[in-house]
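Morning, everyone. Today I want to talk about charged side chains and where they pair up. Here is the model.

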Amino acid sequence: MTVTADEITATSLLRFATAGSVDDGKSTLVGRLLHDSKSVLADQLEAVEHASRKRGQEAPDLALLTDGLRAEREQGITIDVAYRYFATPRRRFILADTPGHVQYTRNMVTGASTAELAVVLVDARNGVVEQTRRHAAVAALLRVPHVVLAVNKMDLVDYAEPVFAAIAEEFGAYAASLGVTDVVAVPISALAGDNVVEPSANMDWYGGPTLLEHLETVPVGTDPSQEPARFPVQYVIRPQSADHPDYRGYAGQLASGVLRVGDEVTVLPAGITTTVAGIDVLGEERDIAWA
């Protein structure tokens, strides 16, 4: 059986990490990305709104969606790596929000070690600083294949194109000296939502993709539809009940590839060939499953 292009895109997974200097807005960006892509549950948003009101803030502080440690919320900083899982109709994501403080750089290494893309934030008012270069160097050392330069807080520099262009040129030259060739620069305002998920009406001079559009379309290292299907069986389910007298199910996690109902598979080590009669994912019937 063939897999359509839409199904391939929907099954692809991108692991990416956010990095940058202190107060460049990483947690706010992640919160905005989750919020505007409709990946936040109602009770989560309500909790953030409640916490923000207690701080005297009228608008919800979206950084609280990722800063989960009590010390992080009290100090307004990121200490540990915060992992978030979300999906759009085009792709699934595992996001690692990493700290900006120099003493927590080792946590940035942890978050970026499995990433296929690093989002390096820069405050448009400050430009490229020492920690920006340090995080770019870490991404280069870890061979992260794709880097996004997110020039944040463009609303605080009146959305000026020359400010963005100068920062993008400086960072691009430094990244090239490290051997990083795939750098995409995006001007954003995480607080206002400009060019994060939706295009900004304040920067009509920018003709590139929004951050989410780039994340959805950047090539990933592996295509699950092109890898051989491997399904280690962890448990055999035989209820032998009145409702399911002849049911036999094999439970486990699909390690690679794609399986569809009707696919012919080989059971190892016996070498027996059989056919996939049905697929259940968390109690729901599916026609397709992927790694």
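Exposed means over 50% relative accessible area, buried means under 20%, and partly exposed lies in between. Keep in mind that this is a predicted model.

Start with Glu130. Its relative accessibility is 56%, so Glu130 counts as exposed. Its partner is Arg134. The two side chains meet in a salt bridge, 2.8 Å from N to O. Both residues sit in helix H6, which covers residues 130–141. They are four residues apart, about one turn of the helix. Arg134 has a relative accessible area of 27%, so Arg134 is partly exposed.

Now Arg133. The side chain of Arg133 forms a salt bridge with that of Glu170, at 3.1 Å, N to O. This pair links distant parts of the chain. Arg133 is in helix H6, Glu170 is in helix H7, and 37 residues separate them. How accessible is each partner? Arg133 comes in at 31%, which makes it partly exposed. Glu170 is at 39%, and partly exposed too.

Next, Asp123 and Lys153. Their side chains meet in a salt bridge at 3.5 Å, N to O. Again, distant parts of the chain are linked. Asp123 is in strand S4, residues 117–123. Lys153 is in the loop between strand S5 and helix H7. The two are 30 residues apart. Buried or exposed? Asp123 is buried, and Lys153 is buried as well.

Arg125 joins Asp123 and Lys153 in a network of salt bridges.

And the total? The structure holds seven salt bridges.

Note on methods. Residues are numbered from 1 along each chain as its sequence is written. This is a predicted model: local features need pLDDT of at least 70, side-chain atom pairs count only at pLDDT 80 or more; totals for chains, interfaces and linings use all residues. Side-chain values use heavy atoms; hydrogens and water are left out. A salt bridge is a side-chain nitrogen of Lys or Arg within 4 Å of a carboxyl oxygen of Asp or Glu. Buried means under 20% relative accessible area, exposed over 50%, partly exposed in between (1.4 Å probe, protein chains only).
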